[in-house]
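Please find my notes on the model below. They are set out as numbered points for checking against the coordinates.

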Amino acid sequence: MARTQALALDAADTLAPLRAQFALPEGEIYLDGNSLGVLPRAAAPRVAEVVSQEWGHGLIRSWNQAGWIDLPQRVGDQIARLIGAAPGEVVAADSTSINLYKVLHAALTANARDGRRVIVSERSNFPTDLYIAQSLAAQFGCTLELLEGEAIAQRLGSDVAVLMLTHVNYRSGAMHDMAALTAAAHRAGALALWDLCHSVGAVPVDLNGAGADFAIGCGYKYLNGGPGAPAFVWVHARHATAQQPLTGWMGHAHPFTFETGYQPAAGMARFLCGTPPVVALAALECGVQTLLAAEPLGGMAALRAKSLALTQLFIEQTRALPLTLVTPEAPAQRGSQVALACPADIDGYAVMQALIARGVIGDFRAGAGGEPHLLRFGFTPLYTRFVDAFDAAHLLADTLHSRVWQEPRFTHKAAVT
Ligand SMILES: *Cc1c(COP(=O)(O)O)cnc(C)c1O
């Protein structure tokens with residue numbers, strides 16, 4: 001493929017206008033939207049308005065007059081449109097880790113009992129998910145069993161209380177079949193809990209279609225909600241009376257009657273805990289709206305088609321490099337990122353630092369316990385162009401062939417990789 005062909009794909013791309021929604025740094029190719037989404041142009045003026053007008057002038061009145069108190073539901077309803085959920089089924093609140101604690105606790109409360117005390121998850125799941133599950137397994141007298149690949153579905157027997165999976169793997173970019181695994185969990189009498197951190201805004205998700213039980217996800221990755229943006233939580237309507245453990249006043253049926261005893265709110269408000277972070281939710285709303293802006297252009301289905309085309313282009317253009325493709329090539333098994341493993345004689349961390357110095361921003365994920373070290377490239381179809389994927393592949397090739405990464409300045413490790 002020639003560079004002109006990539007440019008032709010961009011010229012024919014009906015989603016191309018969506019890129020104008022973002023304040024992208026000049027001269028850089030940003031392939032890390034799977035870790036921190038790009039700043040939407042609307043976010044800075046909106047946050048300034050919330051701060052100077054709603055806070056500065058409205059002060060306490062803004063809880064009602066500016067609708068601050070409804071932000072978790074309002075932003076949740078917008079996220080619901082991206083994940084096959086109905087209005088009222090999603091709230092935006094807290095972090096992914098905290099929301100996972102709430103829903104895994106709720107799932108275990110509902111389904112863990114004598115003879116059914118196993119939580120099944122994936123060994124290569126994101127560590128915070130495993131750490132939260134370890135804590136709850138201890139509390140509920142359960143065991144956490146970590147498996148990979150086909151062994152996950154095969155393990156779903158009558159002793160399993162909860163299947164807890166991340167839909168798209170943060171390292172490999174491999175995507176599970178949510179509908180099939182949810183159905184398999186249900187056949188075994190287990191509940192299915194999905195982490196959508198690398199799915200929401202990246203791939204179409206149909207929680208109600210799959211009949212999943214609980215889901216959580218992240219606001220600062222493909223939702224472009226800003227660093228540390230609030231996360232979200234979804235619960236299937238059949239679990240409307242499920243109870244979560246963080247029984248704060250915002251989850252109370254009547255927070256402003258200041259009752260002594262806790263009484264859970266009807267509906268998803270019971271999955272809230274404390275006061276909503278208004279400024280952060282306002283920024284998150286701007287991020288979610290960058291995705292909803294794609295609805296008239298074909299929505300998540302159109303974004304998915306472009307995402308697959310971008311990752312396919314990058315895979316093809318990096319195939320000859322001395323790196324190993326870890327991401328599945330089958331489109332149905334691939335999320336919106338490409339991960340390339342480094343052989344022992346190539347320092348992946350230094351390669352990524354050298355690539356960043358040349359204006360291509362991806363990231364490096366160290367492999368624990370014998371897993372390979374990975375170069376990760378996230379492709380956000382809202383703002384990534386085909387020519388970006390092409391140029392990034394060729395700058396990566398040049399970085400490897402020139403061995404520029406061996407310069408000492410690229411090997412110094414910062415706190416966040
Ligand atoms: C990004 C990510 C998280 C992040 O959790 P925080 O509570 O926001 O730090 C959790 N799980 C997965 C699978 C992720 O990809």
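The points below cover the ligand site, the surface, the backbone and the charged pairs.

1. Basis. This is a predicted model, in which local features need pLDDT of at least 70 and side-chain atom pairs count only at pLDDT 80 or more, while totals for chains, interfaces and linings use all residues. Residues are numbered from 1 along each chain as its sequence is written, and side-chain values use heavy atoms, with hydrogens and water left out.

2. Ligand shell. The residues around the ligand are Ser95, Thr96, Ser97, Phe126, Thr128, Asp129, Thr166, Asp195, Cys197, His198, Tyr220 and Lys221. They divide into 3 nonpolar, 6 polar and 3 charged. In this sorting Ala, Val, Leu, Ile, Met, Phe, Trp, Tyr, Cys and Pro count as nonpolar, Asp, Glu, Lys and Arg as charged, and the others, Gly among them, as polar.

3. A polar backbone atom of threonine 96 is 3.5 Å from an oxygen atom of the ligand. On the side-chain part, an N or O atom of aspartate 129 is 2.7 Å from a ligand nitrogen, and an N or O atom of aspartate 195 is 3.2 Å from a ligand nitrogen. On its own the ligand has 390 Å² of accessible area, and the protein covers 87% of that. Accessible areas come from the Shrake-Rupley method with a 1.4 Å probe; for residues, only the protein chains shown count as cover. Two or more residues of the shell come from each of α5 (96-111) and α6 (127-140). Helices (H or I, at least four residues) and strands (E, at least two) are DSSP runs, numbered from the N terminus.

4. Surface patch. Val51, Trp55, Leu59, Ile60 and Val279 make a nonpolar surface patch of about 490 Å². Patches are made of residues with over 30% relative accessible area and no salt bridge, with like charges joined within 9 Å and nonpolar side chains (Val, Leu, Ile, Met, Phe, Trp, Tyr) within 5 Å. Leucine 59 is found in the loop between α2 (43-55) and α3 (62-65). Its relative accessible area is 46%, so leucine 59 is partly exposed; buried means under 20%, exposed over 50%, and partly exposed in between (1.4 Å probe, protein chains only).

5. Positive phi. Most residues other than glycine have a negative phi. Aspartate 94, not a glycine, has a positive phi of about 50°. This aspartate 94 sits in the loop between β2 (90-93) and α5. Phenylalanine 258 also has a positive phi, near 50°, and lies in the loop between β8 (231-235) and α10 (278-292). Which is the exposure of phenylalanine 258, buried or exposed? Phenylalanine 258 is exposed, because its relative accessible area is 59%.

6. Salt bridges. The count comes to 18 salt bridges, each being a side-chain nitrogen of Lys or Arg within 4 Å of a carboxyl oxygen of Asp or Glu. Aspartate 13 and lysine 306 meet in one of these, at 2.7 Å from N to O. Aspartate 13 lies in the loop between α1 (3-11) and β1 (29-30) and lysine 306 in helix α11 (residues 299-318), so the pair ties together parts 293 residues apart in sequence. Aspartate 13 and lysine 306 are buried.

7. Further charged pairs. Aspartate 363 and arginine 376 form a salt bridge with the closest N and O atoms 2.6 Å apart. The two lie in strands β12 (residues 363-365) and β13 (residues 374-378) respectively, 13 residues apart, and both are buried. A network of salt bridges links Arg19, Arg385 and Asp388.

8. Helices α4 and α10. The side chains of arginine 74 and glutamate 285 meet in a salt bridge (2.9 Å, N to O). Arginine 74 is in helix α4 (residues 71-80) and glutamate 285 in helix α10, 211 residues apart. Glutamate 285 is buried, with a relative accessible area of 8%. Leucine 71 is also placed in helix α4; from C-alpha to C-alpha, leucine 71 and glutamate 285 are 8.8 Å apart in space.

Notes
Near = heavy atom within 4 Å. Polar contact = N/O pair within 3.5 Å; in protein donor to acceptor, adjacent residues only side chain to side chain.
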